[in-house]
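The notes follow the display.

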There are 2 protein chains.
Amino acid sequence: MQEHDISTGRRITACVLIIGNEILSGRTQDTNLNHLAKTLGAWGIQVTEARTIPDIPETIITTVNEVRVRFDYVFTTGGIGPTHDDITAECIAEAFDTALVQSEDIAERIRVRPAPEDVMAARLRMARIPQGAELIDNPTGGPQGFRMDNVFVMAGIPLVMQAMLSSLEHVLERGDIVRSCSVTAHLGESQIADALGAIQRRYPSVDIGSYPFFRNDRYGTSLVLRGTDANVLLDAQEEVKKAITAAGVEPEDVTGVE
Amino acid sequence: MQEHDISTGRRITACVLIIGNEILSGRTQDTNLNHLAKTLGAWGIQVTEARTIPDIPETIITTVNEVRVRFDYVFTTGGIGPTHDDITAECIAEAFDTALVQSEDIAERIRVRPAPEDVMAARLRMARIPQGAELIDNPTGGPQGFRMDNVFVMAGIPLVMQAMLSSLEHVLERGDIVRSCSVTAHLGESQIADALGAIQRRYPSVDIGSYPFFRNDRYGTSLVLRGTDANVLLDAQEEVKKAITAAGVEPEDVTGVE
């Protein structure tokens, strides 16, 4: 039992906080984590933990304070609209022990579109941000996200979250990109477990994952190699291919390093 | 900003731990949380937090020890196969400060199917469980899950996890079931935010969620009401319908309590 630290160079980590009762009740299938993991990964930021938490102030505040010191970046999704259950901004302000203030920048954009007094008051809830926060661009024109120190607060609606995230492409610091390649073996995991373990020990900077599947009436295992050095990945992949051949089947679906 | 404790009767909580680098890298879209949330919810067990963590022993051990004292139940998925990256069993043993032992019960089942020595040795990795653990039935015949105190260790492959979970149906204690009903309004959230907030204040035992959407070129908001008392839910839903009508549109997709 050992940890493989696959980052040989500069490692930048992120924690994703999915805020929303609808995910925890099972009503909504989350897809934001997957999008964040892929996008940030391609930018050299490794999502190394994710938490899904309910719309409960104390939980949000405690969790934000716990993870913002442990990870380089924290990305939250959910709870920034105009209704009573949109409490992320006030929780972030409380986590940072700062005031929740009205951003005149956001308020101005909101006032452009006229509305009855009560509707305008609700809309202006979306202008409240923690003192000192910077705005995150929202190309969709919906609610505004913001950044407070290393915490990025974004919308829960996937398309809106994705638009906000893309506006951060040139804002975030980048570390080494974790790349991957894979190969499939149509045999049981146990048949190559021994050889795989030995390859893993010889390549401590590569993370070798074995993912069994059952598709089209056939058992198989996807072997995924991850690491920051493409050359080392290709060497390790070659060894995995040899191990598959030695176990009596042909390596299939061999992918190049991505 | 206030917390709505919607459990008026017996509350049983669960934390889901998704263990797996493949989810955090974005290679695999997790669906286990959603299935667990829905199934456990129907049994009166509320998933109130979920964490996705990497295949790193220290992280797994620390996380398990943190959550097993905070929630009534913990359900883990992933990492119980025969390869080097399957480290959940040894981590659970370490978390509980107990030995990892070979279950003769599991070993016997594994030995039924003959194999070369190295393949058998790999398979027998799946017979290792923490001392004192009880087996979880696996109707698919794959790797064996186990229960250690209030921690249930299950497979990561969705179909296998689902089979294991269904075998727990009559094992787990049950609390009040959180039920829900909903109604859709084709208007912007801000237009009913005020009225919704007032209804939420009048119904503290109901959790009212507002989820905006954009479908078929129309904006709208799904209003979801959750609580343990079906009568109270129906009363609150009636008020939400009135608020929608007062805002100038017809309530749509009104669902009964489920």
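In β2(B), A:R51 has B:R51 as its bridge partner. Strands β2(A) and β2 (residues 46-53) of chain B run antiparallel and are joined by three bridges. Strands pair if DSSP finds at least two bridges between them. Helices (H or I, at least four residues) and strands (E, at least two) are DSSP runs, numbered from the N terminus.

This is a predicted model: local features need pLDDT of at least 70, side-chain atom pairs count only at pLDDT 80 or more, and totals for chains, interfaces and linings use all residues. Residues are numbered from 1 along each chain as its sequence is written, and chains are lettered from A and ligands numbered from 1 in the order in which they are written.

**Chain contact**
- Chain A gives 55 residues to the contact, and chain B gives 55 residues. Residues are in contact if their C-beta atoms, placed from the backbone, lie within 7 Å.
- Elements of chain A that each supply at least two residues to the side touching chain B include α2 (32-42), β2 (46-53), α8 (190-202) and β10 (207-215).
- That side of chain A holds 22 nonpolar, 18 polar and 15 charged residues.

**Helix α2(A)**
- Buried residues in α2(A) include A:L33, A:L36, A:A37 and A:L40. Buried means 20 or more other C-beta atoms within 10 Å of the residue's own, with C-beta atoms placed from the backbone.
- Their cover includes β1 (13-19) and α7 (158-166) of chain A, together with α1 (21-24) and β2 of chain B.

Notes
Two residues are in contact if their C-beta atoms, placed from the backbone, lie within 7 Å. Ala, Val, Leu, Ile, Met, Phe, Trp, Tyr, Cys and Pro count as nonpolar, Asp, Glu, Lys and Arg as charged, and the others, Gly among them, as polar. A residue is buried if 20 or more other C-beta atoms lie within 10 Å of its own, exposed if 12 or fewer, and partly exposed in between; C-beta atoms are placed from the backbone.
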